[in-house]
Amino acid sequence: MRLISLELNGFKSFAQKTKIEFMAGMTGIVGPNGSGKSNIIEAIRWVMGEQSAKDLRGGKMADVIFAGSATRKPLNRAEVSITFDNQDHYLASDYTEIKITRRLYRNGDSQYLINGNDCRLKDVLDLFMDSGLGRESFSIISQGRVEAIFNGKPEDRRAVIEEVAGVAKYKKNKDTAEKR
Ligand code: ATP
Ligand code: MG
């Protein structure tokens, strides 16, 4: 499993359609302050199902939509797609290549797609659950998060270990079953 590409269109500072292709090996993103490096990481988190506007440095979710600049009008829609090579079926899907797309409109309408087919947020989350890549995983670690883990309560640290160990999925299914 490998990240192939990320496409941004109207997401935060990326007003213009932008495609980033990732080669094998390590990729570094460099640029001046305010050029959009963090926005790229946030686009990855967002397309994988992030639901917290605050964790994306916004007040409300629509803040991820390009808000306009001196030379450009605000846009009505943010769209991000992420494509993974899944030939080893590391992600729980029969597809050998998986493209996930998320769209959000200013009126609040939103949409998730897997390989062009409409799906639910849950389908996206399930794909990443226990993969070590999910919304709650530790594949993306922001500066504040490191401190939060060290200074966190024992229960919170336990949740970290459960996610890493791959038991989080079973706990979630159990919770869902008990609520029914
Ligand atoms: P640093 O090196 O300081 O960490 P960075 O490269 O990580 O910078 P980002 O934080 O990704 O930069 O980008 C910040 C820029 O994105 C700001 O100029 C901000 O105005 C712009 N931005 C954020 N949200 C939007 C939006 N919805 N519409 C337009 N621009 C936005
Ligand atoms: Mg930054």
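## Terms and model

Two strands are said to pair if DSSP finds at least two bridges between them, and helices (H or I, at least four residues) and strands (E, at least two) are DSSP runs, numbered from the N terminus.

The structure is a predicted model, in which local features need pLDDT of at least 70 and side-chain atom pairs count only at pLDDT 80 or more, while totals for chains, interfaces and linings use all residues. Residues are numbered from 1 along each chain as its sequence is written, and chains are lettered from A and ligands numbered from 1 in the order in which they are written.

## Two domains

The protein chain is divided into domain 1 (2-128) and domain 2 (141-180), with bounds that come from an automatic or database domain assignment. Taken over C-alpha atoms, the centres of domain 1 and domain 2 are separated by 24 Å.

An open sheet of six strands has the order 2-1-3-4-5-6, and its pairing is antiparallel. Its edge strands, each of which pairs on one side only, are strand 2 (18-21) and strand 6 (117-119). From one strand to the next, the twist averages 20°; for such angles, axes are lines fitted to C-alpha atoms, for helices over the stretch in contact, and angles run from 0 to 180 degrees between N-to-C directions.

Strand 1 is joined to strand 3 by seven bridges, and here Glu-7 stands opposite Ser-81 in strand 3. Strand 3 and strand 4 pair over nine bridges, where Ala-78 stands opposite Leu-104 and Arg-77 has Tyr-105 as its bridge partner. Strand 4 and strand 5 pair over five bridges, and in their hairpin, which has four residues between the strands, Gly-108 takes a positive phi near 100°. Three bridges then join strand 5 (residues 110-114) to strand 6, with Cys-119 in strand 6 as the bridge partner of Tyr-112.

## Helices across the sheet

Helix 1 (residues 37-47) lies across strand 1 (2-9), strand 3 (77-85) and strand 4 (97-105), and runs at about 80° to strand 3. Helix 2 (residues 121-128) lies across strand 4, strand 5 and strand 6, and runs at about 45° to strand 5.

Is Thr-101 buried or exposed? Thr-101, which lies in strand 4, is buried because 22 other C-beta atoms lie within 10 Å, the cut-offs being 20 or more for buried, 12 or fewer for exposed and partly exposed in between, with C-beta atoms placed from the backbone. Thr-101 stands opposite Leu-113 in strand 5, and, leaving aside neighbours within four places in sequence, Thr-101 is in contact (C-beta atoms, placed from the backbone, within 7 Å) with Glu-79, Ser-81 and Leu-113. Although Thr-101 and Ser-81 are 20 residues apart in sequence, they are 4.2 Å apart in space, C-alpha to C-alpha.

Thr-176 has its place in helix 5 (residues 168-179), and Thr-176 is exposed because 10 other C-beta atoms lie within 10 Å. The C-alpha atoms of Thr-176 and Val-47, 129 residues apart along the chain, are separated by 24 Å.

## Around the ligand

Which residues are the closest to ligand 1? Of the 14 residues that surround ligand 1, the closest are Asn-33, Lys-37, Ser-38, Asn-39 and Ala-67, where a residue counts as near if its C-beta atom, placed from the backbone, lies within 6 Å. By class, the shell has three nonpolar, eight polar and three charged residues; Ala, Val, Leu, Ile, Met, Phe, Trp, Tyr, Cys and Pro count as nonpolar, Asp, Glu, Lys and Arg as charged, and the others, Gly among them, as polar.

Conventions
Contact = placed C-beta atoms within 7 Å.
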